[in-house]
Structures are given as structure tokens and as C-alpha cells.
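Hi,

Here is the structure we talked about. Have a look at it first, and then read on for what turned up.

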Amino acid sequence: MSRRPLVKNRILLCVIITAGLFSSCDKEPVSAVPEGMTLVWSDEFDQDGAPDPDKWAYSTGGNGWGNGELQFYTDKRENSIVKDGKLILTAQSENGLWTSARLKTQHKGDWTYGFFEIRAKVPRGRGTWPAIWMLPTFMKYGNWPRSGEIDIMEHVGFEPDIIHTSVHTNAYNHKIGTHKTAHDTVRGATRKFQTYAMEWDPDYIQWYINGEPFYRFDNPHISNAEWPFDIPFYLILNLAIGGTWGGQQGIDEKMEKAEMIVDYVRVYQKN
């Protein structure tokens, strides 16, 4: 009996299984939680309405936020709301005046070291500047950048498929052109949810995108000018408009609204 039809059937089965796997990968997050880590804090955004006040606070106001940004951050539901299992940060224009949202976990979720994982979809539109990042709870070593900043993910709308990660310290920061940073192409960053993660250890900071290692910054063990990352930090989610980076190529005149959508935020630490 010929085995050719059996081979064809096996090939077809493999194709179907493979297609199913890729379909699942498109829908489900790809995680890289290190062994020995336990979930210590999370928000799955499963309660519709305003963001959970036990987990999130608002930064409000304007004045450019040090980067010449155009938006005014509010605590209104028009700019931040939980709906259908997602947190939606909305920047919107009213006659050229932009409002948006900036949420933080300060004094509600503060950590020293751990694994931080956020699944999100960034907005499409020239002039947008969304970010997932961390600042120190207390400025132990002095004001920015002396006490540090960790950027888990930054994106600017004029480069829709490029994702950036960085750290800023007194010795390494963008003001003097020495910040430790990396960027790469992530196809579909504005069309699909991506999983952004960062492992923060006393000896290194390692970034991941969709479960794959992205960039690593090693502690040089010199002083806190290079490594102030031994103090508590908190998470920030924000959507800025314009500014020294986001607005480098202007703002799309036809854009009236932009959304950054967050599926979940999870924090793990060693047992």
C-alpha cells in the first residue's frame, strides 16, 4: 500500500497545528518570568470604571512636564477608564488643546528589584508619545536624573514600529548624550498587543519584548552616579502628545484622538 496519502495527511496536520499555534501566540502574551519569582502585585483591569484607586493615583497638570509636551493630564474618565478588561488611556484634542492621562503606583505599589510585565498596544499617530516607565519613590540621591529613571517602553508616533528602552542616571542620561538605551523594530506595535517586560536585579537590568531578551544594562559597581537602582521605584503609564521627542516631526493635523490600551500590569519578586 502506498504511504504517500498518509504523508500528505501528516503534513496537512502539521500545517493546521502550526497555524493554530501561531494564532494562539497572536492572542496570548508571551511571558519570560524568571524561575523563583512570585506574583506580588497586579492589575488585570477586570472591573469597569475608573482605575482602581487602591492601585493607581493620577499625575495632573500641564506646563510641558520638562519635555515641552502639549497635553494637560487629568483624572477624568474621558482620559482614563477601565472597560472590557482593558485600561484605556485616551489623549484627545478640543480645538488643538490636548488632554490625556498619566497614572502612577507611587505609595500604592513601590518596589526594589523584581520582574515587571505589561501587555499593551501603543497608539498610531504622528505626535503621540506613550511610555511605560519607573521613577524613584523618594529622591534619595537628588532630583532627576540623580536618583534614576527606568524606561520599560517608549514609543513615538513618527516611528510606528520602533520600540525604545532606556535608563537615566547622573552619569548616563540623554541631556548629556550618555543614556543607556536600545531600540528595535517590533512589527505591529500599534496594531497588536505586545508584552513589555523588565527584570531588575542588583547586578543588572534586562529588558524583554514578547518574551525575548531585548537589552541589558549591567551594574558597573562604581557609585550611585552610575547605578542609583537600589531604592524603591514606582510604575507610570502615560500618553503624551508632542514634546521634544514625540513632536520632532510635528503632530498629525487630522488626529483628534489617540489611545494606549493596557491589558494587564504584573509585578513579580523573588520568593
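W41 and W111 are both buried. Bear in mind that this is a predicted model. The rings of these two tryptophans are edge-to-face, because their centres are 5.4 Å apart and their planes meet at 75°, over the 60 degrees needed for that label. The pair also ties together distant parts of the chain: W41 belongs to strand β1 (residues 37-43) and W111 to strand β8 (residues 110-111), with 70 residues separating them.

Searching the whole structure gives 16 aromatic pairs. Ring pairs join W41 and W111 into a cluster with F45, W56, Y113, F116, Y172, W200, F217, W227, F229 and F233.

Two lysines are worth a look here too. K55 puts its charged end over the ring of W41, 5.9 Å from the ring centre. K180 lies over the face of Y172, and there the distance to the ring centre is 4.5 Å.

Now for a methionine. Where does M255 lie? You'll find M255 in the loop between α2 (243-246) and β18 (257-270). Its relative accessibility is 9%, so M255 counts as buried, the cut-off being under 20%. And what does M255 touch, leaving aside its neighbours within four places in sequence? Its contacts are W98, R124, G125, R126 and T128.

Cheers

Terms used:
Residues are numbered from 1 along each chain as its sequence is written. This is a predicted model: local features need pLDDT of at least 70, side-chain atom pairs count only at pLDDT 80 or more; totals for chains, interfaces and linings use all residues. Side-chain values use heavy atoms; hydrogens and water are left out. Helices (H or I, at least four residues) and strands (E, at least two) are DSSP runs, numbered from the N terminus. Buried means under 20% relative accessible area, exposed over 50%, partly exposed in between (1.4 Å probe, protein chains only). Contact means heavy atoms within 4.5 Å. Rings of Phe, Tyr and Trp (its six-membered ring) pair if their centres lie within 6.5 Å; planes under 30 degrees apart count as stacked, over 60 as edge-to-face and the rest as tilted. A charge sits over a ring if NZ of Lys or CZ of Arg is within 6 Å of the ring centre and within 35 degrees of the ring normal.
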